[in-house]
Amino acid sequence: MTYVFDFSGFGIYAGMLARGVAVTLWLTAVSTVLGGLVGIAGASIGVAGPRWARTLIATYVELIRNTPFLVQLFFVFFGLPGLGIHIDEMQAAVLAMTVNLGAYATEIVRAGIDSIPRGQVQAAQALGLQGRQVFRHVVLPQALANVFPALLSQVLIVMLGSAVVSQISVPDLTSAADFIQSRNFRSFESYLIVTATYLFLSIALRQLLNRLGRGLFAGRSPRSPGTPVARPNGRNRWTQLFGGRRPQTLATERSQ
C-alpha cells in the first residue's frame, strides 16, 4: 500500500504550532535558569556544607535521578494538592522541570568543582582571598567552564523531555500535535512536523548556548586531561579549605 502525504490542511494550525513552540521554549528557559541555580547551590552545599546538608542533597539527587520524570510531574500536579498546595499546570510543569534539572545539574557542577586543582585554591588564599571569595571568583567559574558541555546536554534533554507536560494539559508543542491529529486524522504528518520542529529547536538552542558559553567563559579553558585532580583526604577537602579560618597571606608568611 502506498501512503500519500498530505500537508495541505496544516496551514490553519500554524498559529497553534507557533504557540506550542513558544510555550516549550518558555518552559525550557525558566527551568534552565532556576534549575541551574538549584544545581550550583546544591553542588556548593554538597562539597562544603555540614554533614546533614550533604546527606539531604545526596538524597534529593538520588531520588530524582532514579525516578521517571513523568512520575515526578504527576506527583507535583496531582500529589501536591493532596497536601493543600494548589498550582496550575504551567506552574507544575516549571516546578517539575526545575527539580529534575536541578538534581542533574548538582552532580554535574559538583564534578566540575572536584576537577579544580587544589593548588589554584591555595594560590588564591595566598593572595588574601577568603573561603567564599575563592569559591565565587576562582573555583566556580572554572568549574562551570569545565562542565558547560554536560550542562548544555542536560538542558536539551530537559527541553525534549518537556514533551510529556502535555499529559497535564500544558499547551506545548506536543499538545498542539495531539490536537491537530485528532482533528485532521493525519497522525504521521502531524508528528513528522513536530519531530522536525524539535530537531530544529535542539540544534538552534545548542548553537545559541554554545555561543553564550564561549562568551561567558572566554579565557577559562577547561582543565587539560593531564592535570592532576586533588582528591579528598579524611574530611571533605573543600570543607578543609573553606572551613572559616582566614588563610595567611603571602606577605604575612614572609614576615614570619
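Residues are numbered from 1 along each chain as its sequence is written. Because the model is predicted, local features need pLDDT of at least 70 and side-chain atom pairs count only at pLDDT 80 or more, whereas totals for chains, interfaces and linings use all residues; side-chain values use heavy atoms, with hydrogens and water left out.

**Stop 1: the largest pocket**

Select Thr32, Gly36, Ile40, Phe148 and Leu151, which are the closest to the centre of the largest pocket among the 21 residues that line it. This pocket has a volume of about 570 Å³. A pocket here is an open set of points on a 1 Å grid over the protein atoms alone, where a 1.4 Å probe fits, with protein on both sides within 12 Å along at least five of seven lines; lining residues have an atom within 4 Å of a point. The volume is the space filled by probe spheres set on the points, which are joined across faces, edges and corners.

Next, display helix 1 (14–48), helix 4, helix 6 (131–161) and helix 8 (187–216), each of which supplies at least two residues of the lining. Helices are DSSP runs of H or I with at least four residues, numbered from the N terminus. Coloured by class, the lining shows 17 nonpolar residues, four polar and no charged. Nonpolar covers Ala, Val, Leu, Ile, Met, Phe, Trp, Tyr, Cys and Pro; charged covers Asp, Glu, Lys and Arg; the others, Gly among them, count as polar.

**Stop 2: Ile116**

Move to the loop between helix 4 (89–114) and helix 5 (118–126), where Ile116 lies. Ile116 counts as buried, at 1% relative accessibility (buried is under 20% relative accessible area, exposed over 50%, partly exposed in between, with a 1.4 Å probe and protein chains only).

**Stop 3: aromatic pairs**

The whole structure holds seven aromatic pairs (rings of Phe, Tyr and Trp, the last by its six-membered ring, with centres within 6.5 Å; planes under 30 degrees apart are stacked, over 60 edge-to-face, the rest tilted). Select Phe7 and Phe10: their ring centres are 5.9 Å apart and their planes at 45 degrees, so the pair is tilted. Phe7 is partly exposed at 38%, whereas Phe10 is buried at 7%.

Then select Phe74 and Phe78, whose ring centres lie 5.5 Å apart with planes at 65 degrees, making the pair edge-to-face. Finally, Tyr3, Phe5, Phe7, Phe10 and Phe188 may be selected together as one aromatic cluster.
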